[in-house]
Structures are given as C-alpha cells and as structure tokens.
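Subject: Structure for your files, with notes on salt bridges

Hello,

Please find the structure below. My notes on its salt bridges follow.

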Amino acid sequence: MAPACQLPVTTFPSHLKSHTDLYRLSSPVSFFRHFPPPWNLHNAGNLLAVKYVRELAEPGTVKWRTRVSFLPSSPKNKSRDDVKQELLKAIAELDRGAEATSEEQERVDQIARELEAVNPITEPLKSDLLNGKWELLYTTSKSILQPQRPKIFRPFGKIYQAINADTLRAQNIETWPYFNQVTANLVPLNARRVAVKFDRFKIGGLIPIVAPGRARGELEITYLDEEIRVSRGDKGNLFILKMVDPAYRVPS
C-alpha cells in the first residue's frame with residue numbers, strides 16, 4: 001500500500017480546487033481531461049493511471065492515498081514466463097485480493113487471461129503437476145477473504161488448497177487465527193473441470209462436522225505449470241496459487 005501524502009489544493013489547476021471536484025477524478029480519462037500536459041504522464045507508450053482516494057482532510061489541504069498502475073502493453077513478443085511474472089507482480093501487494101480495487105481486479109483478471117491463453121497443460125486433471133499443496137496468493141472470493149470484516153478479524157495466516165487428482169480428493173486449509181479445514185470429493189466433468197462435493201469440515205483444526213449436502217460447487221483449472229495454478233470457480237471467482245509441497249497427500 002503506497003503511503004498517504006498531503007498535497008496543497010493550491011498546487012492543482014484553479015478550476016478543480018474543491019474537494020468534491022478532486023474526489024470525482026476516479027478514472028484515468030477524467031484525470032487526463034482535467035490535468036493536461038505537463039500534468040499528465042506517459043511512459044513508453046503506456047498510460048499511467050493515477051488513482052487518488054480521498055481520506056481525512058484538513059483546512060486547505062487534501063490527504064490522499066496514491067496508487068499507481070500501468071495499463072498492460074500489447075502481449076506481442078511476451079514469453080509465457082514474462083506474463084507469469086507480470087501476474088505475480090500485479091498481485092504482490094493486494095493482500096490476497098482483500099485490498100484490491102475494482103480496477104486492480106480487472107487488471108489481474110486481464111493478465112490471468114493472457115496466461116491462460118498460453119497454458120502448457122491442456123488436460124490438467126491428467127497431470128502430476130496438479131498433485132500437492134498449493135498456497136493461495138490471490139482470489140476474488142469474498143467468502144474466503146471476508147473483506148467486510150476489520151482486518152484484524154480476517155484470516156491473515158496462509159491459506160492452502162491441496163488436490164490429489166489420482167484419488168479425486170481436495171482440501172482447503174486455513175492457518176492463523178482460525179485453523180479451519182474442509183475436505184471434498186472431486187468428480188471430473190472434463191479434462192480440466194471438476195464438480196466439488198465437500199464432505200467434512202474441521203473447525204479450529206479439531207472439531208469435525210459433516211458437511212451439508214448443499215456444500216458443493218465446480219472448479220476449472222485454467223492454467224497449470226510446476227509453479228503456478230490458476231483456477232476459476234462456478235460463481236466467477238478467480239484463484240491464483242503457487243505450489244509449496246508436491247508430495248502432500250489429502251486425507252482420504
């Protein structure tokens with residue numbers, strides 16, 4: 001998260017001195033319309049989108065949090081590794097997605113689609129690369145992130161998902177502070193999509209509970225290599241994970 005900074009209102013064009021006018025600049029198009037050269041910025045043909053979010057203001061001063069992002073350039077001449085590193089960089093400071101703005105979610109989704117387009121494993125359910133424990137790096141799932149809660153009450157320890165395609169078993173694991181777990185059976189629908197039927201929850205890592213019949217969904221593995229997995233759920237959520245233990249086995 002970029003640090004907050006204070007900018008005197010008098011440093012901006014006179015027709016945008018009010019806090020309301022400044023706060024309304026929520027898109028790159030609006031920004032560049034009101035801030036002509038030399039206010040606007042270009043960098044090697046990429047549009048520099050500067051997102052201002054107003055926080056607490058003192059008289060004559062607006063306090064801003066500034067987040068800078070570059071709209072992706074053309075994918076021409078990008079290698080698969082280039083796109084993968086671009087994706088990892090885009091999600092690095094988003095707190096697994098809990099701190100992502102709608103613009104950042106769109107950017108991550110766009111880069112993920114570029115990576116999915118060069119997926120080297122077309123039948124991931126038949127690949128040994130799928131097996132093992134994966135750490136969740138980013139998701140749009142609110143049920144996992146709980147962004148509506150104060151940050152101190154969110155699951156801020158590492159979150160894992162394990163899959164064993166040979167036994168058709170999966171497991172989600174939360175660490176600190178809740179230590180919840182759930183296991184599931186997988187039913188292949190095609191070479192990259194499975195139906196997920198949860199069977200057992202473990203609250204706090206200790207208390208077993210049989211999952212209700214409605215605890216089910218679908219998961220499509222849209223990109224897979226030895227390091228990164230990208231998946232999409234049936235509710236439209238995006239999941240980006242990295243491999244941490246290929247030898248891990250999901251409990252039967």
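Glu86 is buried, at 16% relative accessibility (buried means under 20% relative accessible area, exposed over 50%, partly exposed in between; 1.4 Å probe, protein chains only). This is a predicted model, in which local features need pLDDT of at least 70 and side-chain atom pairs count only at pLDDT 80 or more, while totals for chains, interfaces and linings use all residues. Residues are numbered from 1 along each chain as its sequence is written, and side-chain values use heavy atoms, with hydrogens and water left out.

A salt bridge here is a side-chain nitrogen of Lys or Arg within 4 Å of a carboxyl oxygen of Asp or Glu. The count is 18 salt bridges.

Glu86 pairs with Arg107 in one of them, at 3.7 Å from N to O. Glu86 lies in helix α3 (residues 80–91) and Arg107 in helix α4 (residues 102–116), 21 residues apart. Helices (H or I, at least four residues) and strands (E, at least two) are DSSP runs, numbered from the N terminus.

Lys242 and Glu135 form another salt bridge, at 3.9 Å from N to O. The pair links strand β13 (residues 238–245), which holds Lys242, to strand β5 (residues 132–139), which holds Glu135, across 107 residues. Lys242 is partly exposed at 33%, whereas Glu135 is buried at 11%.

Arg249 and Asp166 meet at 2.9 Å, N to O. Arg249 sits in the segment after β13 and Asp166 in the loop between β6 (159–164) and β7 (169–174), 83 residues apart. Shared partners also join Lys78, Glu86, Arg107 and Glu114 into one network of salt bridges.

Regards
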